[in-house]
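The exercises below are meant to be worked through with the sequence and the 3D structure in view. Try each task before reading its solution.

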Amino acid sequence: MGVAVPLAIGYKRAAPDTPVVAVVGDAGFDMTAGDLATLRDMQVPVVIVVPVDNALALIEKKPTAMQLANHGVQFVGTDIVAVAQAYGGIGEVVESAQGLQAAFKGRFGARHFHGFGLSD
Ligand SMILES: Cc1ncc(C[n+]2csc(CCOP(=O)(O)OP(=O)(O)O)c2C)c(N)n1
Ligand SMILES: [Mg+2]
């Protein structure tokens, strides 16, 4: 958890001509949001996709399946677009898989990183 963006930075630095996309849960994104400063300062143009469910969904799954109560697995949620913009990136909300495909077009030649908040 939280490794997708740092790994994407390393990959893009090692292979600058390869399009790089990091997919990171919303809690994982919150965990390493400061890495966006590295993307900005080193001008590493990766695309980050954040599926937004305002939950630690993987952790929520097991107790729910066992019909047990869940605690502390849901949170208010972060404005992903605002965070991307605050760090000098481009932020966009995408509502569907088709929308994501369309949004990818033309993003990989950019000099800035691009963060998509993918809503349910
Ligand atoms: C450093 C670290 N802390 C905690 C965990 C345990 N863990 C695995 S998945 C998860 C929740 C991830 O939530 P999110 O990033 O929002 O992804 P989602 O499951 O909601 O898609 C947690 C806490 C972990 N794998 N690594
Ligand atoms: Mg989540």
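**Exercise 1. Against which element do the buried residues of α3 pack?**

Some conventions come before the solution. This is a predicted model, in which local features need pLDDT of at least 70 and side-chain atom pairs count only at pLDDT 80 or more, while totals for chains, interfaces and linings use all residues. Residues are numbered from 1 along each chain as its sequence is written, and chains are lettered from A and ligands numbered from 1 in the order in which they are written.

Step 1. Helices (H or I, at least four residues) and strands (E, at least two) are DSSP runs, numbered from the N terminus, and α3 covers residues 35–42.

Step 2. A residue is called buried if 20 or more other C-beta atoms lie within 10 Å of its own, exposed if 12 or fewer, and partly exposed in between, with C-beta atoms placed from the backbone. By this rule the buried residues of α3 are D35, L36 and L39. They cover an arc of only 110° around the axis (the arc of the directions from the helix axis to the C-beta atoms), which puts them on the same side of α3.

Step 3. Two residues are in contact if their C-beta atoms, placed from the backbone, lie within 7 Å, and the buried residues of α3 pack against α1.

**Exercise 2. Describe the other side of α3 and what comes just after this helix.**

Step 1. For A37, the count is 12 other C-beta atoms within 10 Å.

Step 2. Although A37 and G89 are 52 residues apart in sequence, their C-alpha atoms are 9.6 Å apart in space.

Step 3. Just after α3 comes Q43, which lies in the loop between α3 and β2. Q43 has a positive phi of about 50° although it is not a glycine, and Q43 is exposed, with 10 other C-beta atoms within 10 Å.

Step 4. Q67, in the loop between α4 and α5, likewise has a positive phi, of about 55°, without being a glycine. Q67 is exposed, with 6 other C-beta atoms within 10 Å.

**Exercise 3. Which residues of the largest nonpolar core touch the most other members?**

Step 1. A nonpolar core is a set of buried Ala, Val, Leu, Ile, Met, Phe, Trp, Tyr and Cys residues joined through C-beta atoms within 7 Å. The largest one has 22 residues, of which V5, A8, A22, V24, V46, I48 and V50 touch the most other members.

Step 2. The elements that give two or more residues to this core are α1 (4–14), α3 (35–42), β2 (47–52), α5 (80–86) and β4 (114–119).

Step 3. Take V24 as an example, a residue in the loop between β1 (21–23) and α2. V24 counts as buried, with 22 C-beta neighbours inside 10 Å, and, leaving aside neighbours within four places in sequence, V24 is in contact with A4, V5, F29, I48 and V50. The C-alpha atoms of V24 and A4 are separated by 6.0 Å, although these residues are 20 residues apart along the chain.

**Exercise 4. How many residues surround ligand 1, and which are the closest?**

Step 1. A residue is near a molecule or strand if its C-beta atom, placed from the backbone, lies within 6 Å of it. There are 13 such residues around ligand 1, and the closest are M1, G25, A27, G28 and A57. Two or more residues of this shell come from each of α2 (26–31) and α4 (57–65).

Step 2. The shell divides into eight nonpolar, three polar and two charged residues, where Ala, Val, Leu, Ile, Met, Phe, Trp, Tyr, Cys and Pro count as nonpolar, Asp, Glu, Lys and Arg as charged, and the others, Gly among them, as polar.

**Exercise 5. Is helix α6 buried or in the open?**

Step 1. Helix α6 consists of eight residues (97–104), and the number buried is zero, so α6 lies largely in the open.

Step 2. Just after α6, G106 takes a positive phi of about 80°.
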